[in-house]
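Student: Could you take me through the pockets of a model and the sheet beside them, explaining how each feature is defined before we read it?

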Amino acid sequence: MTLLCVPLVARTVEEMEADAAAAAAAGGDLVEIRLDFIQGFRPREHLPRLLRGCPLPALVTYRPNWEGGQYEGDDTTRFETLRLAMELGVDYVDIELKVADKFINFISGNKPEKCKLIVSSHNYEYTPSCEELANLVARIQAVGADIVKIATTATDIIDVSRMFQVMVHCQVLLYSKDGYDSCFVVSYARTLKLGLVMSERGLMSRVLAPKFGGYLTFGILNAAKTSASGQPTVEELLEIYNIRRIGPDTKVLGLIANPVKQSKSPILHNKCLQSVGYDAVYLPLLADNLASFLETYSSPDFSGFSCSLPFKVDAVQCCDEHDPVAKSIGAINTIIRGPDGKLVGYNTDYIGAISAIEDGIGGLGSKDAAISPLAGRLIVVIGAGGAGKAIAYGAKEKGARVVVANRTYEKAVSLANAVGGQPLRLSDLETFKPEEGMILANATSLGMYPNVDGTPIPKKALSFYDVVFDAVYAPKVTRLLREAEECGVKVVSGVEMFIRQAMGQFERFTGGIEAPESLMREIAAKYT
């Protein structure tokens, strides 16, 4: 079992003691006491107090500024403090590879058997090659480390794959020692190991540590108490990602997007996967190039992905096969890796958006249940990207007359021609009113968190429409929807599209398990 370590970075001993208690209450397995963060730290006074009252096993780190820490003094004082921690019975001590030989000579082999020595290396600029990482593991092991710790930085999400490769190649078996079910590296003299990749693009390394044999991973108490870039909270690791249940056979799913932090899909899918007992974890995957990501993470364990801005159109070229609807639309929001390794693309945005708009129109449409309330109506679709294509295609299939408005007029022309509609410049929406009873559908990211002040159309033009739909769901009430309501227009939130497209994705991800709609709605209501 991978241990969950909570870093303590308080400025005072009193606050650090309180944070240690909070870490235990939150479900942490151990705490990392970052002595270099304490202002006015006095080793012989403060260290016994911190360790004596600590409710969890403790890892003591006294990180110098040349390795990303706060300590600016000499090594001798630092070494004396770490030796004191050992004498006081601490469970783990962290020392940097650069001075590991010097520290080991300093303690003259008098390390207590209980105390595990972590020898660490941090790279705050990039992630080296697999060969360089493997050589680094060997160097750290050679100095006598009980635990090898390597932390690098992801400049691209594909960098994480190199850490995974080294983690897997350096381990063979799992066995238990000292009361913990711990991962040991058999091929490197059975040294424990820990490999993490920092930054938002490296989040996957922290969540998937149990899958790839990491001895521990770090989870912070809250966003204000971080000790390194990209650390998730303890609550996220336990409640959203459910890391206690992640193992070697766990499937990896996720949302490939840029940006991705604002998405609620990880919360929605993980809680639903847990509710049906499906062994998978769903991650936010901040990518810069879809093709590179899919080529790099080609293992069968990476079995399915949601695909969002700006990759829905690119996904068509990246998939080996396409569902007929997705092929007709020319945009994909769901990618499944088949048993043969081929990538199959689907589009669940189509039914998600169109059914939400139809329900929103409600009594304004035909009374004939066989005829869509969109039939014969004029719908203005703003945006010619993946979501815009799905809505335009779906509206055409339902018998609507389609107008496509886009910032880049050429893209509006292309999509309008594809659905037999009319192109429009985005600036023309201010005066566009060929008839009464129009429907407006925003398929752009304007208004999406964190740029919540954005809107694709002036408020005064919203009164031209009977119904306004916004595909943006974070925030739930966008500026567009708020201003439409102020104009007396009926609005349809993107939350409805979000839920409905997610239901289709869930069934694809799980091989046909029915999506728990009521739970999805409950989660969406709570988190959007």
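**Reading pockets and a sheet**

Tutor: The second largest pocket has 31 lining residues, and those nearest its centre are Gly 383, Ala 384, Gly 385, Asn 406 and Lys 411. On a 1 Å grid over the protein atoms alone, a pocket is an open set of points where a 1.4 Å probe fits, with protein on both sides within 12 Å along at least five of seven lines, and lining residues have an atom within 4 Å of a point. This is a predicted model in which local features need pLDDT of at least 70 and side-chain atom pairs count only at pLDDT 80 or more, while totals for chains, interfaces and linings use all residues. Residues are numbered from 1 along each chain as its sequence is written, and side-chain values use heavy atoms, with hydrogens and water left out.

Student: What are the volume and the central residues of the largest pocket?

Tutor: The largest pocket has about 910 Å³, and of its 29 lining residues Leu 203, Glu 236, Tyr 241, Lys 261 and Pro 284 are the closest to its centre. Its largest share of lining, four residues, is from α8, while α8 (234-240), α9 and β12 each give at least two.

Student: In what order do the strands of the six-stranded sheet lie?

Tutor: Two strands pair if DSSP finds at least two bridges between them, and here the open, mixed sheet runs β12-β11-β13-β15-β16-β14. Because β12 (280-286) and β14 (321-322) each have a single partner strand, one side of each is left without a neighbour in the sheet. Helix α9 (residues 265-276) packs on this sheet, touching β11 (251-257), β12 and β13 (302-307), where contact means heavy atoms within 4.5 Å.

Methods
Axes are lines fitted to C-alpha atoms, for helices over the stretch in contact, and angles run from 0 to 180 degrees between N-to-C directions. Grid points are joined across faces, edges and corners, and a volume is the space filled by probe spheres set on the points.
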